[in-house]
Amino acid sequence: VYKRQFSPWLTSLLPPEMTGIADGVDEVRRKVRYLVKNGADVIKFGASAGVMSGEESVGAPQYTQEEMNAIVEEARLWERKACAHAHGTEAIKMAVRAGVVSIEHGSMIDAEGIELMKSRGTYLVADIYNDDYIVAAYEKMGAPAQILEKEKKVGRIQRENFQRAVRAGVKVAYGTDAGIFPHGFNARQFRHMVQWGLTPMQAIQSATLHAAELLGWMDSVGRIAPGWNADLIAVEGDPLKDITCLEDVGFVMKGGVVYKNRF
């Protein structure tokens, strides 16, 4: 059963930290402080509308430039990174100009946005597997027609723009938007990243080395080396020859403890 349309009328059912409603520079600063006080390590905000939300647009900016600037500046004061959900062309560029460390989705990015991200070192975290699952499953689950129409607007173009960004040299980190599809399907994105421009090694590094760099965890995760966390997986086959090997994990070690060993 479809349960993911986030109507504003349902926000009263969520705790305040999950609603994130804030208008104006003072309010967004107050919201960042509230989130940091309650343990947030990263500040994420909705720079644009989305696919699963109730509004008609999929890409319209949700904040002014001044508000986005204030969110990022306030996060920095508390030594936190800020990132932005953004599908829309202008919203992407506004968030990058504000100084976010990453853009999640980036569906409708244009050439100017790609150049901005490259020049500022902004990461692209693009969930280019999602379209397969949404198109195949959401109508059967009873998703509103509006949701399906919005997905049709961004699905293919997101992949094409991901390819353009990769070719231009924009940094890429792995992120799947899991929850939109069942957890456990996360690794299916690797094959799409390779199909749309990354080498298998680049795709793997996007989920390890580059993800660690984006989060500021380079001294503890993201590589296999003395002193780093012993977080390892193993698969049958060579993912550099067949990236889909990563969809069937046979061995899992977390912090030096083996949780799964099929070998």
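Predicted model: local features only at pLDDT ≥ 70, side-chain atom pairs only at ≥ 80, totals over all residues.
Visitor: Which residues have the most contacts inside the largest nonpolar core?

Guide: First the idea. In soluble globular proteins, nonpolar side chains tend to be buried together. A nonpolar core is a set of buried Ala, Val, Leu, Ile, Met, Phe, Trp, Tyr and Cys residues joined through side-chain atoms within 4.5 Å. Buried means under 20% relative accessible area (1.4 Å probe, protein chains only). Here the largest core has 49 residues, and Phe45, Ile103 and Phe162 have the most contacts inside it. Helix H4 (residues 89–98) gives the most to this core, six residues. Helices are DSSP runs (H or I, at least four residues), numbered from the N terminus. Apart from this core lies another, of 14 residues, including Val51 and Tyr133.

Visitor: Is Asn130 buried or exposed?

Guide: Asn130 is buried, at 4% relative accessible area. Its place is in helix H6 (residues 130–138).

Visitor: Which side chain makes a polar contact with the side chain of Asn130?

Guide: A polar contact is a pair of N or O atoms within 3.5 Å; within protein, one must be able to donate a hydrogen and the other to accept it, and residues adjacent in sequence count only if both atoms are side-chain atoms. For Asn130 the partner is the side chain of Asp177 (3.5 Å).

Key:
Residues numbered from 1 in each chain as written. Heavy atoms only, no water. Helix = DSSP H or I, 4+ residues; strand = E, 2+ residues; numbered from the N terminus. Buried < 20%, exposed > 50% of the residue type's maximum accessible area, 1.4 Å probe, protein only.
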